[in-house]
Amino acid sequence: MTAGSAKDDYRSVARLHESLLEAGLLALLGTSFLSGFYRYLASSSDAFLFAAVQDKDVIGFVSGAIDTKSFYRTFVMKRGIQTVVGHLAFRVANPSVLRRIVSIRRHMVGGSATNNLPKAELLSLAVRPDMQRGGVGHALFARLCNEFAERHVDRFKVVGEARNEASMSFYRAHGGTPAGVTDLGGLECNLYEFSVGAR
Ligand SMILES: CC(C)(COP(=O)(O)OP(=O)(O)OC[C@H]1O[C@@H](n2cnc3c(N)ncnc32)[C@H](O)[C@@H]1OP(=O)(O)O)[C@@H](O)C(=O)NCCC(=O)NCCS
């Protein structure tokens, strides 16, 4: 998808993210924020977004960044921290939510667990529940790898919630090498590393 793609498509991506990727910080920010975030991501030269579409409906999507740390820094610089804080303000009264946000933010800008890992990252991948186990995730993953290859990225990482068996199996089935564990807002997460072209 590009910045010029239909507004409804970004909303569909945002809704899928919100309902299926609840473990991250972004899902806390709501559909409206996520729609804008993905529009920004698709227009960024440091990142990309691909959607799987069937009968004009978005049934899955994948996004990646060439350098996650730099991508999020530029996003905050261009969009302003106020945008994020504004979307979060009504949720931070709960200390456990605040702790979760601080720890996830640390990961986004590069924590010690990711220091030796590639800068490039699979940021998000989701397939509509009724379309899962039909190869859509596989096709999106292949598209992501092609994009990394075209951009001369030979390794990338992904972080996923350890108890999310579907994603753990998916990453192992796609050649992911375990690269450590990290705590993301109180959730135990596994890091995987991939070599582009090694699948
Ligand atoms: C992870 C996810 C994207 C996989 O998408 P998908 O379209 O169902 O995946 P595919 O059909 O291409 O599966 C490819 C392989 O991954 C593995 N896999 C996928 N889902 C699995 C599951 N629920 N249990 C076990 N293995 C699974 C299998 O090896 C599968 O091959 P097979 O069907 O021949 O056995 C999907 O389950 C999803 O959207 N989950 C919710 C969001 C999420 O957790 N995203 C990942 C974190 S960023």
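Gly 30 is found in helix H2, where helices (H or I, at least four residues) and strands (E, at least two) are DSSP runs numbered from the N terminus. The residue is partly exposed, with 15 other C-beta atoms within 10 Å; a residue is taken as buried if 20 or more other C-beta atoms lie within 10 Å of its own, as exposed if 12 or fewer do, and as partly exposed in between, the C-beta atoms being placed from the backbone. Between Gly 30 and His 17, which are 13 residues apart along the chain, the C-alpha separation is 9.4 Å. The model is a predicted one, in which local features need pLDDT of at least 70 and side-chain atom pairs count only at pLDDT 80 or more, whereas totals for chains, interfaces and linings use all residues. Residues are numbered from 1 along each chain as its sequence is written.

The chain contains seven helices and six strands. Read from the N terminus, the order of these elements is α-α-β-β-α-α-α-β-α-β-α-β-β. Of its 199 residues, 38% count as buried. Among contacts between residues at least 6 apart in sequence, 68% join residues at least 24 apart; two residues are in contact if their C-beta atoms, placed from the backbone, lie within 7 Å.

Helix H1 (residues 7–20) packs against helix H2 (residues 30–43), their axes coming within 8 Å and crossing at roughly 120 degrees. H1 is therefore oblique to H2, given that angles under 35 degrees count as roughly parallel, those over 145 as roughly antiparallel, those from 65 to 115 as roughly perpendicular and the rest as oblique. Axes are lines fitted to C-alpha atoms, for helices over the stretch in contact, and angles run from 0 to 180 degrees between N-to-C directions. The crossing of H1 and H2 is right-handed, a term applied if the near helix is turned clockwise from the far one by less than a right angle, with anticlockwise giving a left-handed crossing. H1 contributes Tyr 10, Arg 11, Val 13, Ala 14, Arg 15, His 17 and Glu 18 to the contact, and H2 contributes Thr 31, Leu 34, Ser 35, Tyr 38 and Arg 39. By class, five of the contact residues are nonpolar, three polar and four charged, with Ala, Val, Leu, Ile, Met, Phe, Trp, Tyr, Cys and Pro counted as nonpolar, Asp, Glu, Lys and Arg as charged, and the others, Gly among them, as polar. Arg 39, found in helix H2, counts as buried, with 22 C-beta neighbours inside 10 Å. The C-alpha atoms of Arg 39 and Met 1 lie 8.5 Å apart, across 38 residues of sequence.

The largest nonpolar core has 50 residues, and those with the most contacts inside it are Val 13, Tyr 38, Leu 49 and Phe 61. Such a core is a set of buried Ala, Val, Leu, Ile, Met, Phe, Trp, Tyr and Cys residues joined through C-beta atoms within 7 Å. H2 supplies the largest share of this core, six residues. Residues up to four places away in sequence aside, Phe 61 touches Val 13, Leu 16, Leu 49, Phe 50, Ala 51, Ala 52, Ala 126 and Leu 140.

The loop between strand S1 (47–54) and strand S2 (57–65) holds Asp 55, and Lys 56 is also placed between S1 and S2. Asp 55 has a phi near 45 degrees, a positive value in a residue other than glycine. For Lys 56, likewise not a glycine, phi is positive at about 70 degrees. Asp 55 is exposed, with 5 other C-beta atoms within 10 Å, and Lys 56 counts as exposed with 9 C-beta neighbours inside 10 Å.

Leu 117 lies in the loop between helix H5 (95–108) and strand S3 (121–127) and is buried, with 20 other C-beta atoms within 10 Å. Beyond its neighbours within four places in sequence, Leu 117 is in contact with Lys 157, Ala 179, Leu 191 and Glu 193. The C-alpha atoms of Leu 117 and Glu 193 are 7.4 Å apart, although the two are 76 residues apart in sequence.

Cys 189 lies in strand S6 (residues 187–195) and is buried, with 22 other C-beta atoms within 10 Å. Its contacts, neighbours within four places in sequence excluded, are with Val 159, Gly 160, Glu 161, Ala 162, Val 181, Thr 182 and Leu 184. Cys 189 and Asn 164, 25 residues apart along the chain, have C-alpha atoms separated by 9.2 Å.
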